[in-house]
Amino acid sequence: MIEAVGLTKRYGDKTAVHNLSFQVRPGAVTGFLGPNGSGKSTTMRMILGLDNPTAGHVTISGHPYRQLPNAPRHVGALLDAKAVHGGRSARNHLLSLAQLSGIPARRVDEVLGVVGLQEVAGKRSKGFSLGMGQRLGIAAALLGDPQVLLFDEPVNGLDPEGILWVRNLMKALAAEGRTVFVSSHLMSEMALTADHLIVIGRGQLLADMSVTDFISANSADFARVRTPGTEPQAREKLTSALTEAGGHVMPEQDGALRVTGLPLPRISDIAHEAGVRLWELSPHQASLEEAYMRMTQGVVDYRSTDDQKAGLHQVPPPGAGPAVPVPGQGQPGWYAPPPPQQGGPLFAPPPGPYGAPQPNPYAQPAPQGQGPGQPAAAPVTADRTEPEDPR
Amino acid sequence: MSTPQPPLPQAAPRPPYPGYTSPIPVVRTHLLHAVASEWTKMRSVRSTMWTLGVFVLLVVGIGVLAGAVVGSTTADMSGSNPLELGFFGLLLGSMCLITLGVLTTASEYGTGMVRTTMTACPSRGRVLAAKAVVFFLVAFVVTLVSTTLTAVVQVALLEGSGAESPGGEDWLKATVGVSLYLALLGLASLAVGSIIRHSAGAITIMIGVLLAPLVIALFMFTDSLKDVQQALFEYSIPNQLSIFYANSLSDSGPSGWDPLWMVLVVTAVAFGLAYALLERRDV
């Protein structure tokens, strides 16, 4: 059980964590979410007694960490995967920690086996990949077989197999009755791993609730309604009929309608009464990611801007047309680079949370690139919605 | 902001909540655990081998070389102490010990390892003490072995050159004395490394402390600074080191075992500061 009361940390005049109070209970995986620079790592360091809080206090099982009897046997932590001396072998690194905590040396080989590093145990950790470093950090956290576990971004740099392994490990640890506190900024990962969520932004608590509650509290599910594209008047008609019935209707870019506030059968009935045919009537449930984006949109510290490359454009050589994207190659939208200015609409990536040039449905209204018809900070603007159950 | 509390039936404050109990026996840790850990850390990185290897090479190599060169010439060494020849190698070698001392603490800050260490041992003073114990023993033993070896070889090489055979206290000062002095100097560097938390910065400071007084004194030509120059010469580390060989640059100033007490005080002060800062600062 981790208990923080009024935890505050200031660095000069910058407040990293402000009046944070929460509890982390045993027997569950508690996700600790927040954008970059929101104070997650600072909070973790204060829990471990590495940083002294400016105000407030945090206890583990009723004691401040530094007063905890047998602290390393009670709490295990992965703070930073790179926090090892690169010249030391994995086994010696763990051995030094085991000796420090009075843990038998054979436990070192056990945890090396648990994280799958037996083969490289004698190698210097300098040559480890990020994923191997994470595994070494997890091994250090598991070394004392502790009751409370803290992981700061444990899946950074892991391959899919490693991510799955970490996910199952967290769940297994929690199922044994341990307290598992995992920070991450990967929503999708937390949706699959955590039972409970603590969300912070700019060092302040935004939410402390179960994953299911979090999604239902922070997302508005909606129905997508599509009328035949050949009959624009039918669309208008349906819109007014739905609005009359108390629904909230918003047009989407591709001509579909996004309806909130009305159950699906009712929408169907209204369309039937209005004599409008429907090409699509589909339910959409917001994912945890959307719920998170919606909640933290106002508290993101580091926001990217469009890459203007002002004045750096070269005149393309004659005959060299814009490169045509190969179908099926590259991830559409999500990680696509911003389109070259000459590229025109051909390159416009589908709107997505990370497709910077498009109006970001989750971001605060940007000074540029916001179409006049685009309602800023509309209640529901998410475009990429997976109807799948986020759990 | 309020904290919504999902109703938990067993939310009764503390003791009996479902927890996990490890089958591994819990032992009460003390300084010796930390010492074992620090010994593992020290022996498992190459920088230890490098710095100590270079140290031994400088002390023994230069010492033996000097002995061989002087012994092969026909120079009359009567009245002088053959152990004096060990001084040059030791002066150069002291930089290796300074480096090793700084690295023992500061390198953990460079890599971030210190957060792992301090999480595994929240008693920060214990970690610092363990580092000091391990470093001091290693530095003392290595220096003692090197200086003794050098001294024995030098005395043997200079046997026929008329140099007087050193007495008991000469031997003690040239082996145990300088070894204690250098190990304490390294220990002060260790404390400085913990205060500065930056390897390169702390090494630079310590090399500066080692060489600057002597270099500055060399450029004090005016008469008005005569006293300052004299003091800088006498209390500079190279001169203190040479006092152990009874060939101080000046006749006044510290003599006998004085340098040892001085470095002891300096190291103690550095450790007090390092400990106070370690307890107070964020890791």
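This is a predicted model: local features need pLDDT of at least 70, side-chain atom pairs count only at pLDDT 80 or more; totals for chains, interfaces and linings use all residues.
Biologist: In what order do the strands of the six-stranded sheet come?
Modeller: The order in that open sheet of chain A is 5-6-7-3-8-9, and the pairing is mixed. Its edges are strand 5, residues 75–78, and strand 9, residues 204–210, each of which pairs on one side only. On average, neighbouring strands of this sheet are turned by 15 degrees against each other, with direction ignored.

Biologist: What holds paired strands together, in general?
Modeller: Strands of a sheet pair through backbone hydrogen bonds, and the pairing can be either parallel or antiparallel.

Biologist: And in which sense do strands 3 and 7 of chain A pair?
Modeller: Strand 3, residues 28–33, and strand 7, residues 179–184, of chain A are paired in the parallel sense over six bridges. To find one of these places in the structure, look for A:Gly31, whose bridge partner in strand 7 of chain A is A:Val182.

Biologist: Are the residues of strand 5 of chain A buried or exposed?
Modeller: A:Val75 and A:Ala77 point one way from the strand while A:Gly76 and A:Leu78 point the other way, and all of them are buried.

Biologist: Which helix packs on the sheet by strand 5 of chain A?
Modeller: That is helix 5 of chain A, residues 130–142, which touches strand 5 and strand 6 (148–152) of chain A, and its direction makes about 170 degrees with that of strand 5.

Biologist: OK, new topic, what about the sheet of four strands?
Modeller: It is also an open sheet in chain A, with antiparallel pairing and the order 11-12-10-13. Strand 11 (248–251) and strand 13 (280–284) of chain A are its edge strands, each pairing on one side only, and the twist from one strand to the next averages 25 degrees.

Biologist: How many bridges are there between strands 10 and 13 of chain A?
Modeller: Strand 10, residues 222–226, and strand 13 of chain A pair in the antiparallel sense over five bridges, with A:Ala223 standing opposite A:Pro283 in strand 13. Helix 10 of chain A, residues 264–274, lies across strand 10, strand 12 (257–260) and strand 13 of chain A, and runs at about 160 degrees to strand 13.

Biologist: Now the two chains, how many residues does each give to the contact?
Modeller: The contact takes 50 residues from chain A and 38 residues from chain B. On the side of chain A, the elements that give two or more residues are strand 2 (14–24), helix 2 (71–74), helix 3 (90–100) and strand 9. The largest share, six residues, comes from helix 3 of chain A, and the residues of this side divide into 19 nonpolar, 19 polar and 12 charged.

Biologist: Why is helix 3 of chain A described as largely enclosed?
Modeller: Because 11 of its 11 residues are buried, helix 3 of chain A is largely enclosed by the rest of the structure. Among the buried residues are A:Arg91, A:His93 and A:Leu97. The cover over them includes helix 4 (106–115) and helix 5 of chain A, together with helix 1 (31–43) and helix 4 (113–120) of chain B. After helix 3 of chain A comes A:Gly102, whose phi is positive, near 65 degrees.

Biologist: Which parts of chain B does UniProt annotate as "transmembrane region"?
Modeller: The unreviewed UniProt entry gives that annotation to several spans of chain B, including residues 50–73 and 127–158. In the model, residues 50–73 of chain B are 96% helix and 0% strand, with end C-alpha atoms 34 Å apart, and residues 127–158 of chain B are 97% helix and 0% strand, with end C-alpha atoms 46 Å apart.

Biologist: And how far does helix 10 of chain B reach?
Modeller: Helix 10 of chain B, residues 258–280, reaches 34 Å from its first C-alpha to its last, which is close to the 33 Å expected for its 23 residues at 1.5 Å a residue. Its buried residues include B:Pro259 and B:Leu278, and what covers the buried residues includes helix 5 (124–157), helix 6 (168–196) and helix 9 (237–243) of chain B.

Key: Residues are numbered from 1 along each chain as its sequence is written. Chains are lettered from A and ligands numbered from 1 in the order in which they are written. Two strands pair if DSSP finds at least two bridges between them. Axes are lines fitted to C-alpha atoms, for helices over the stretch in contact, and angles run from 0 to 180 degrees between N-to-C directions. Two residues are in contact if their C-beta atoms, placed from the backbone, lie within 7 Å. The expected span of a helix is 1.5 Å times one less than its number of residues. A residue is buried if 20 or more other C-beta atoms lie within 10 Å of its own, exposed if 12 or fewer, and partly exposed in between; C-beta atoms are placed from the backbone. Ala, Val, Leu, Ile, Met, Phe, Trp, Tyr, Cys and Pro count as nonpolar, Asp, Glu, Lys and Arg as charged, and the others, Gly among them, as polar. UniProt positions are given in the numbering used here, feature names are shortened, and annotations may be inferred rather than shown by experiment.
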